[in-house]
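Please keep the sequence and the coordinates in view while reading.

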Amino acid sequence: MSVRRQKLYSKEICACSIFGAMSRTGERFTGERVIRAMANMHHRGNGLGGGFAAYGIYPEFREYYAFHLMFTGDARAQREAKRAAEEFLFRNFDVVHDEEIPHSDDVYVRDPPLLWRYFLSPSKHGEDIHLPDDEYVVRKVVHVNSAIDNAYIFSSGKNMGCFKGVGYPEEIGRYFMLDRLYRGYLWTAHGRFPTNSQAWWGGAHPFGLLDTTVVHNGEISSYGTNRWYLEMLGYKCTLHTDTEVVAYAVDLLMRRQDLPMEVVAKILAPPTWETIDRMDVRERELLTTLRRIYGPLLMNGPFAVIIAQSGRMIGLTDRIRLRPLTVATRGEMFYISSEEASVRLISPSLDSVWSPRGGEPVICELDGRLKHEIAAPA
Amino acid sequence: MRSLLLPEFTISRSDSCDRCRACEHQCSFGVHTYDASQDMMISDNYRCAGCQRCAVFCPKGAIEIRPTPSFYRPNASWSRERIEDIKRQAETGGVILTGCGSDKPFRIYWDHILLNASQVTNPSIDPLREPMELRTFLGSKPESLSLSDMEAGTDPVLTLETPMLFSAMSYGAISYNAFQALAIAASRSGTFFNTGEGGMPAEMRSQFKEHTIVQVASGRFGIDAEYLNSGAAVEIKIGQGAKPGIGGHLPGEKVSQHVAATRMIPEGTDAISPAPHHDIYSIEDLEMLISAIKEVTNYEKPVIVKVAAVHNISAIASGIVRAGADIIAIDGMRGGTGAAPKAIRDNVGIPIELAVSSVDRRLRDEGIRERCSIIAGGGIRCSADVVKAIALGADAVYIGTAALIAMGCTLCQRCYTGRCSWGICTQDPGLMRRLNVEEAAQRLVNLLSAWSHEIKEMLGGMGINAIESLRGNRDQLRGIGLHEWELDVLGIKGAGE
């Protein structure tokens, strides 16, 4: 196959379990219950990928970007990747602290890479001086991931972090000791069932960009269309996963174009024309315009997704709801899960449980004051 | 001079013929005559166009028309067509004219592309039970939406209920009845027809305004401010797939009083469209014409620029977008025509499949794909072609030949004679009457409806329920029996890859 065509749309296919838990009052809790909930959906994955995103876990470094890196290959390749990546990071950032990401040797996982984390702030030079911090960070992350061999930044937000790898999610959770070392107010998790990819630690989910992370269960039939649109606007879809495409779409619409989540949901999973045509004039015009402009970002085909950002968690299914998603509340706790049983396991009594309609986003946010204190870095 | 050509067709008539003379009445080329002395029908094979009108209308089913079995000595280099073209030119000293799209066996890429379907990992969608959406917008789209000022940056668009439009066929080239049928069908199907360069009859303007694309071509026939405002969009025709680089010629015989009034030319005069627009000698001139048209139409209508698919089509398309066009229509080399020199029709241009893919990719690479929409035309034969064209990057397709066939055309390629026996491509009042406007419109509506249903089935199979998720989605295509360079131009993988 020619090199040009090899780069054509090749997409990983996978099914999954997804789970999210959030304390609306910002109370922080360990990953212990999240791991148990994921273990309960063991059969939805096949041991080729598991991962977690946790928010509020680095309060002591909350004004610094927390980069999680993996260095892959044999020991020598790992050392070389680390040297090259650090040379780049130290040149472009002020690194206030770095350390190996702690893990438990009691848990067997296959071929773990070298995992390291860096807390840093931008140190801009030259033309980059005019870039906003977030944009600067995104560009540097993309550079490392595309230009430095065997080095991969898989988490880059503030006061949050992704932990992922090859294995069942409960194994990955214990490997990173998420049940003991970290306390967050918002956790999302993913168990993976890829059907056509070799297991690679970087290929596990969640996929994140800055503090936006996505866990996703689905196969997007519109992938080819979504991808060219995002690539035209400067994103590089190097992982060939649907999840990456969702994350970039959210980044484009929310960070770069400043659209509210309610509107973003109507772009990713718009109502049908039949519904739109029955709406009142204002709403009809808005939704028609959204579909007209953002048609290429419509995510078609089955998906259920949990998008997390500092201070909020969003659940969304495709427009005709072809993948499961259950939402539940108990006191200040808010849950989103592929299966109700997982929620019941860790919280037998619930105040409310429901299945959101297709294309209708469910949004859980910290209240304004808390959001400022807990989520927004200084 | 006696013609030395063999007849193209052989007509045989069975014994069931009861001399009703229907064939004589139906044939517009004068093939059949009744010989009273022998009480039998006589056929002149030499005049037969192979249009099959008589065969269809023979009440006894007694007539059969076949390609003539007579032949010249087989010769790989000198085919019958080559020999006869030379004889014909030796007899007339003229350019060989023809009608319809090229019939030459260039590779039809549609037939080398296979579609995808969902299995197990994602569900296919059943269009009988789930919504399946074909609504399509054509026009320039802003990069982002400002919620505070929704009006800002929203250029005028065309809204189609199905991603197919009728391509330009002018009144003058086709009959008034055919022209009306297209207009009626477009309005009933929620899409658009295109006036071509022959103007828009005044009495049709208000009724069909919302479903009309008015064309501005190099002859500038029938154009004034009112005409430009009598449709939903304006199309500047630079070229046509059947005859890129050359102009047009409507012979005076076809310029009836009504055609003359619509074209704003004297009755019975030849209507000659020059090869280029004489105010467009470069891309910046095109920009000025686009601006002028937008001024005249108060920036309320999208401007389409139609070009033939030629070798540098992607660079040309990029220029057209930057010149301010809202929509580009690309016409492939198999596109139809009422009249074109055969040498041009069969040798100039490139297939639409390659052109649309390469234009889409070029515009994406330059980051300007959403500044315009793409309509692909010239060689769309069925609903699967429509699906493939959209997956290769088109927003919608133009159908011309398929629409004519729906009305009765049999592709006999004698459009240029003005003697169309089906009443489509003629101004002869007697022939024209053969085309019942209401019935022809119904056939067109049925065709669009049938294709729309098939498109929905194919989309559902792919797990897609809105046509916008198909556009440029080459992931859903695989090539078969194609060379590597062809796969590269199409931007698709081979089957099994």
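In chain B, 16 residues of domain 1 are in contact with 12 residues of domain 2, contact meaning heavy atoms within 4.5 Å. Domain 1 covers residues 9-94 of chain B, and domain 2 is made up of 110-145 + 155-494; these bounds come from an automatic or database domain assignment. The C-alpha centres of the two domains of chain B lie 34 Å apart.

Some conventions apply throughout. This is a predicted model, in which local features need pLDDT of at least 70 and side-chain atom pairs count only at pLDDT 80 or more, while totals for chains, interfaces and linings use all residues. Residues are numbered from 1 along each chain as its sequence is written, chains are lettered from A and ligands numbered from 1 in the order in which they are written, and side-chain values use heavy atoms, with hydrogens and water left out.

Both domains of chain B also take part in the second largest pocket, whose lining draws at least three residues from each of domain 1 and domain 2. This pocket has a volume of about 1000 Å³. On a 1 Å grid over the protein atoms alone, a pocket is an open set of points with protein on both sides within 12 Å along at least five of seven lines, a cavity is a set of points where a 1.4 Å probe fits but cannot get out, and lining residues have an atom within 4 Å of a point. Grid points are joined across faces, edges and corners, and a volume is the space filled by probe spheres set on the points. Of the 36 residues that line the second largest pocket, Glu8(B), Glu84(B), Arg88(B), Arg414(B) and Tyr416(B) are the closest to its centre. Two or more lining residues come from each of helix H3 (80-92), strand E5 (97-98) and helix H10 (342-345) of chain B, and H3(B) gives the largest share, 8 residues. Helices (H or I, at least four residues) and strands (E, at least two) are DSSP runs, numbered from the N terminus. By residue class, this lining divides into 14 nonpolar, 9 polar and 13 charged residues; Ala, Val, Leu, Ile, Met, Phe, Trp, Tyr, Cys and Pro count as nonpolar, Asp, Glu, Lys and Arg as charged, and the others, Gly among them, as polar.

The largest cavity contains about 150 Å³ of space. Its lining comprises 14 residues, of which Thr136(B), Phe137(B), Lys141(B), Glu468(B) and Arg471(B) are the closest to its centre. Helix H11 (281-294) of chain A and strand E7 (136-138) of chain B each supply at least two lining residues. The lining consists of 5 nonpolar, 2 polar and 7 charged residues.

An unreviewed UniProt entry places the feature "binding site" at Cys17(B), Cys20(B), Cys23(B) and Cys58(B). Cys23(B) lies in helix H1 (residues 22-26) of chain B and is buried (under 20% relative accessible area, 1.4 Å probe, protein chains only), with a value of 8%. Beyond residues up to four places away in sequence, Cys23(B) touches Arg13(B), His32(B), Met41(B), Cys54(B) and Ile63(B). Cys58(B) lies in the loop between helix H2 (53-57) and strand E4 (63-67) of chain B, and is buried at 16% relative accessibility.

Notes
UniProt positions renumbered as here; feature names shortened; annotations may be inferred. Buried < 20%, exposed > 50% of the residue type's maximum accessible area, 1.4 Å probe, protein only.
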